[in-house]
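Hi,

Here is the structure I promised to pass on.

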Amino acid sequence: MRPGCTEQRKILIVEDDPDIRASLRAVLEMEGYEVDDAAHGRAALDLLQGGTCNPAVIVCDLEMPVMDGWQLRKELRKNPRLSRIPLIIASTVTLGVARLRARLTASAFLRKPVDVRELLKVVARLAALPQLA
């Protein structure tokens with residue numbers, strides 16, 4: 001962790017539905033997390049590449065305009081700093097959880113509508129994991 005950076009409390013939500021994005025933000029902020037959000041993968045990638053403090057976790061939808069979650073994950077893998085950030089997929093896509101996680105190398109999969117208790121449990125677990133510098 002870089003000096004002055006609160007990575008373990010920072011979460012990035014990547015979700016095209018503004019109501020879902022706002023709801024996830026509200027829930028995570030009520031738990032004390034600092035939350036950034038993006039409406040699609042391209043905006044998220046721009047935010048991550050321009051930032052100095054990695055989020056502890058990225059919560060990402062798969063089906064979005066401009067750049068979907070699949071392409072975002074592909075782009076994250078190209079950057080050693082960003083590829084280490086745990087990724088939680090929150091989606092209605094039904095490829096099968098194990099197959100989906102394997103294809104994306106996702107840390108977790110949450111089916112929409114997202115169970116708030118499960119989201120908080122998974123975020124807390126993943127945010128506590130050390131990220132390699």
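This is a predicted model: local features need pLDDT of at least 70, side-chain atom pairs count only at pLDDT 80 or more; totals for chains, interfaces and linings use all residues.

Let me start with the helices. Helix 1 (residues 18-30) packs against helix 6 (residues 116-127) at an angle of about 60°, and their axes are 11 Å apart. Because of that angle, helix 1 counts as oblique to helix 6. The two helices cross in a right-handed sense. On the helix 1 side, the contact is made by Leu24, Val27 and Leu28, while helix 6 brings Val116, Leu119, Leu120 and Val123. By class, that contact has seven nonpolar residues, with no polar and no charged ones.

Helix 2 (residues 41-50) and helix 3 (69-77) form another packed pair. Here the angle is about 25° and the axes lie 9 Å apart. An angle under 35 degrees counts as roughly parallel, so helix 2 is described as roughly parallel to helix 3. This crossing is right-handed. If you want to find the contact on screen, look for Gly41, Ala44, Leu45 and Leu48 of helix 2, which meet Leu72, Glu75 and Leu76 of helix 3. The classes in this contact are five nonpolar, one polar and one charged.

Next, the inside of the protein. How many cavities of 30 Å³ or more does a search of the whole structure find? The search gives one. The largest cavity holds about 30 Å³ of space. Its lining is made up of Ile13, Val14, Glu15, Leu24, Val59, Cys60, Asp61, Ala90 and Lys112. Strand 1 (10-14) and strand 3 (57-60) each supply at least two of the lining residues. Six residues of the lining are nonpolar and three are charged, with no polar ones.

Finally, two backbone details. Most residues other than glycine have a negative phi, and most peptide bonds are trans. The bond from lysine 112 to proline 113, however, is cis, with omega near -5°. You will find valine 66 in the loop between strand 3 and helix 3.

Definitions and conventions
Residues are numbered from 1 along each chain as its sequence is written. Side-chain values use heavy atoms; hydrogens and water are left out. On a 1 Å grid over the protein atoms alone, a cavity is a set of points where a 1.4 Å probe fits but cannot get out, and a pocket is an open set with protein on both sides within 12 Å along at least five of seven lines; lining residues have an atom within 4 Å of a point. Grid points are joined across faces, edges and corners, and a volume is the space filled by probe spheres set on the points. Helices (H or I, at least four residues) and strands (E, at least two) are DSSP runs, numbered from the N terminus. Ala, Val, Leu, Ile, Met, Phe, Trp, Tyr, Cys and Pro count as nonpolar, Asp, Glu, Lys and Arg as charged, and the others, Gly among them, as polar. Axes are lines fitted to C-alpha atoms, for helices over the stretch in contact, and angles run from 0 to 180 degrees between N-to-C directions. Angles under 35 degrees count as roughly parallel, over 145 as roughly antiparallel, 65 to 115 as roughly perpendicular and the rest as oblique. A crossing is left-handed if the near helix is turned anticlockwise from the far one by less than a right angle, and right-handed if clockwise. Contact means heavy atoms within 4.5 Å.
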